[in-house]
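Biologist: I am new to this structure and would like to go through it by question and answer. Please show it first.

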Amino acid sequence: MRAITIPDPGGPDALVWAEVPDPEPGPGEVVVDVRATAVNRADLLQRQGHYPPPPGAPAYLGLECSGVISAVGAEVTGWRVGQEVCALLAGGGYAERVAVPAGQLLPVPAGVDLVDAAALPEVACTVWSNVVRLAGLRSGETLLVHGGGSGIGTFAVQLGVALGATVLATARSAKHARLRELGAAHAIDYREQDFVEEVRRLTDGHGADVILDIMGASYLSRNVTALATGGRLVVIGMQGGRKAELDLGALLTKRATVAATNLRARPLADKAAIVRGVRDEVWPLVEAGRIRPIVDRRLPLADAAAAHELVESNDHVGKVLLTTG
């Protein structure tokens, strides 16, 4: 089969379309013939040599895919050859075939195109596990989503609205109309506006009950200031750096919580539990049309370098997909 390889870390031109060995399903795994995968920030970091795959994961990029099951390993039940699926991956999506632990498979939601389904697994699992399972977002609360125009952001906006929350999102002004279309009550231009002051103004001083943050260090103190009493800040990215000072006094006064998580390196059992939660709680919302995959564009997998350049530019809204057909 063919896959996107990285002979040497570097810029987008480090991505090479090459022949590689076919995967074989191990016990508890299936092989999926990939129809599409999606570009995630973690892929850019891995390409640069900063985010190696966890032990045992494929060396290729790609944290999610959609496709058709072509082989089923021992000890797998409930899945069959020929079934259309999408999957959460620890790596390997930028290839024509990938071996996947059965616990990380999801059926393609009714009403969703097979290719577009590749835009769902990573964002659904990331957002649900953090905003719902960890932060416990409830109807009537306010959710602040940083990076609202990203794949994570567009999904988080939709999920927050579906759960009955008031959603605020930071993004470039060019993306504001699209975020309002997805249900965001207000969009904040992080380049021109102080999001802390805007959150205070828009919530009549209450603050955000839950903040989903991709920036990390550069936003830490301001995020704590923007939290409501009893608020929960969940950090899932470090685009703004990894080290910052935390005012524990401010945190104590607000009785607030700060958590930081990642998804890729979690144990298989934990990932499987998250996938089950997504299937039970999120897939019905997708099938009802209350959440949909937001796809900026589709490009051939062989054009992965161009896709990386696009994502690095931040000019897209939602997910950029790579297709094998």
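Biologist: Which helix gives the most to the lining of the largest cavity?
Modeller: This is a predicted model, and it holds one cavity of 30 Å³ or more. Among the residues lining that largest cavity are G151, T154, F155 and Q158. Four lining residues come from the helix that spans residues 151-162, and that top contributor is helix α3.

Biologist: What is the volume of the largest cavity?
Modeller: Its lining divides into six nonpolar, four polar and two charged residues. R292 and K319 are included in that lining. The volume is about 50 Å³.

Biologist: How many residues apart in sequence are the parts that R97 and D22 tie together?
Modeller: The side chains of R97 and D22 form a salt bridge, at 2.6 Å from N to O. R97 belongs to strand β6 and D22 to the loop between β2 and β3, so the pair links parts whose separation in sequence is 75 residues.

Biologist: Is R47 buried or exposed?
Modeller: R47 meets E312 in a salt bridge of 2.7 Å, N to O. E312, with a relative accessible area of 31%, is partly exposed. Buried means under 20%. R47 has 2% relative accessibility, so R47 counts as buried.

Biologist: Which helix holds both R200 and E197?
Modeller: R200 and E197 form a salt bridge, with their closest N and O atoms 2.9 Å apart. R200 is partly exposed at 38% relative accessibility, and E197 is partly exposed at 41%. The two are three residues apart, about one turn, in helix α5.

Terms used
Residues numbered from 1 in each chain as written. Predicted model: local features only at pLDDT ≥ 70, side-chain atom pairs only at ≥ 80, totals over all residues. Heavy atoms only, no water. 1 Å grid on protein atoms, 1.4 Å probe; cavity = no way out; pocket = protein on both sides within 12 Å on 5 of 7 lines; lining within 4 Å. Points joined across faces, edges and corners; volume = space filled by probe spheres on them. Nonpolar A, V, L, I, M, F, W, Y, C, P; charged D, E, K, R; others polar. Salt bridge = Lys/Arg side-chain N within 4 Å of Asp/Glu carboxyl O. Buried < 20%, exposed > 50% of the residue type's maximum accessible area, 1.4 Å probe, protein only.
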